[in-house]
Amino acid sequence: MKKSLYNYILGIADNSLILGQRMGELCGHGPSLETDIACTNISLDLFGQVRSYYQYAAKIAGDGRTEDDIAMLRKEREYVNVLLVEQPNTDFAYTMARHFLFDVYHLLFLTELKKSKDMTLAAIATKCIKEVRYHQRFSSDWIRRLGDGTEESQNRMQAAINDLWTYTDELFHQTEADKAMVSEGIGVDVTKLKEAYYEKVNTILEESTLTIPESKYFQKGGKMGIHTEHMGFLLSELQYMQRTYPNMEW
């Protein structure tokens with residue numbers, strides 16, 4: 001039970017940690033000052049959320065590890081985020097498409113996590129959901145703006161959606177920790193979110209005059225610690241300060 005809960009928390013938190021790192025990479029590189037600041041603030045929101053999760057994970061572990069150790073000092077195969085969130089900021093369309101495809105899931109997930117029998121997880125979800133509701137609105141607006149914009153913006157957004165679509169199905173795969181926590185009434189049965197997820201995503205894509213990808217081939221592995229080639233480079237930047245100057249604190 002204790003080990004499963006610890007692993008379950010990592011499965012939630014790692015998604016926000018890695019996506020937060022990706023969004024933080026845009027600081028100073030946004031297409032406009034307002035958008036640049038918004039992306040940086042979203043990154044800060046996600047890092048704030050993961051602190052709550054990792055603090056709880058450290059308490060459960062009870063072996064002297066801190067939130068910093070858990071967040072920054074694991075090896076690549078020990079991170080269990082989905083592959084979607086580690087995909088690079090190829091261009092602004094890719095950044096918003098990746099964010100949007102995760103945001104829709106994240107909001108659905110937190111809505112259910114609020115009902116958890118674990119009061120700490122329920123409290124974290126309740127605290128985070130207002131931020132994530134804004135994240136979804138922000139990314140959805142950009143999907144519409146670029147999808148129903150110029151020929152260039154539509155082509156770029158369509159290409160981004162097509163390429164990232166292959167990572168969406170992994171959001172609904174259950175790990176052993178997921179199954180254990182669902183049976184205890186603590187975790188969210190993500191398989192039950194799939195229909196609502198694709199209904200919401202497809203509706204916004206249609207509003208944006210974008211074509212819904214027909215591909216049935218999906219990538220997976222992130223939840224098991226098997227990542228894309230991008231993950232190692234991301235971690236080298238994320239972990240640099242902590243490994244160069246040991247025992248730093250957030």
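Colleague: Let's start with Phe109: what does it touch, apart from residues up to four places away in sequence?

Modeller: Phe109 touches Tyr8, Ile12, Val188, Val190 and Leu193. A contact here means heavy atoms within 4.5 Å.

Colleague: Before we go on, what kind of model is this?

Modeller: This is a predicted model, where local features need pLDDT of at least 70 and side-chain atom pairs count only at pLDDT 80 or more, while totals for chains, interfaces and linings use all residues. Residues are numbered from 1 along each chain as its sequence is written, and side-chain values use heavy atoms, with hydrogens and water left out.

Colleague: OK, back to the inside. Which residues touch the most other members of the largest nonpolar core?

Modeller: Phe109 and Leu113 do, in a core of 82 residues. A nonpolar core is a set of buried Ala, Val, Leu, Ile, Met, Phe, Trp, Tyr and Cys residues joined through side-chain atoms within 4.5 Å. Buried means under 20% relative accessible area, exposed means over 50%, and partly exposed is in between, using a 1.4 Å probe and protein chains only.

Colleague: Which helix gives the largest share of this core?

Modeller: Helix 4, residues 92–113, with 14 residues. Helices (H or I, at least four residues) and strands (E, at least two) are DSSP runs, numbered from the N terminus.

Colleague: And the aromatics, how many pairs are there?

Modeller: There are nine aromatic pairs. Rings of Phe, Tyr and Trp (its six-membered ring) pair if their centres lie within 6.5 Å; planes under 30 degrees apart count as stacked, over 60 as edge-to-face and the rest as tilted. One of the pairs is Phe172 with Tyr197, which is edge-to-face because the planes are at 65°, with the ring centres 5.1 Å apart.

Colleague: Where do Phe172 and Tyr197 lie?

Modeller: Phe172 is in the loop between helix 6 and helix 7 (176–183) and Tyr197 is in helix 8 (residues 194–207), so the pair ties together parts 25 residues apart in sequence. Phe172 is buried at 5% relative accessible area, and Tyr197 is buried at 0%.

Colleague: Which residues do ring pairs link into a cluster?

Modeller: Phe102, Tyr105, Phe109, Trp165, Phe172, Tyr197 and Tyr198.

Colleague: Switching to charges: how many salt bridges does the structure hold?

Modeller: Eleven. The rule is a side-chain nitrogen of Lys or Arg within 4 Å of a carboxyl oxygen of Asp or Glu. One of them joins Arg74 and Asp14, whose closest N and O atoms are 2.7 Å apart. Arg74 sits in the loop between helix 3 (67–72) and helix 4, Asp14 in helix 1 (residues 2–24), so to speak distant parts of the chain, 60 residues apart.

Colleague: Are Arg74 and Asp14 buried or exposed?

Modeller: Arg74 is buried, at 7% relative accessible area, and Asp14 is buried too, at 0%. Arg74 also lies over the face of Tyr79, at 4.1 Å from the ring centre. For that, NZ of Lys or CZ of Arg must be within 6 Å of the ring centre and within 35 degrees of the ring normal.

Colleague: What about Glu152 and Arg156, how far apart are they in helix 6?

Modeller: They are four residues apart in helix 6 (residues 151–164), which means they are separated by about one helical turn. Glu152 is partly exposed at 46%, and Arg156 is partly exposed at 42%. Salt bridges that share partners join Asp91, Glu152 and Arg156 into one network.

Colleague: And how many disulfides?

Modeller: Zero, with a disulfide being a pair of cysteine sulfur atoms within 2.5 Å. For Cys128, the nearest cysteine sulfur is that of Cys39, 19 Å away. Cys39 is buried at 1% relative accessible area, and Cys128 is buried at 3%.

Colleague: Last one: where is Ser208 found?

Modeller: In the loop between helix 8 and helix 9 (230–238). Ser208 is buried, with a relative accessible area of 0%. Leaving aside neighbours within four places in sequence, Ser208 is in contact with Ile143, Arg144, Gly147 and Asp148.
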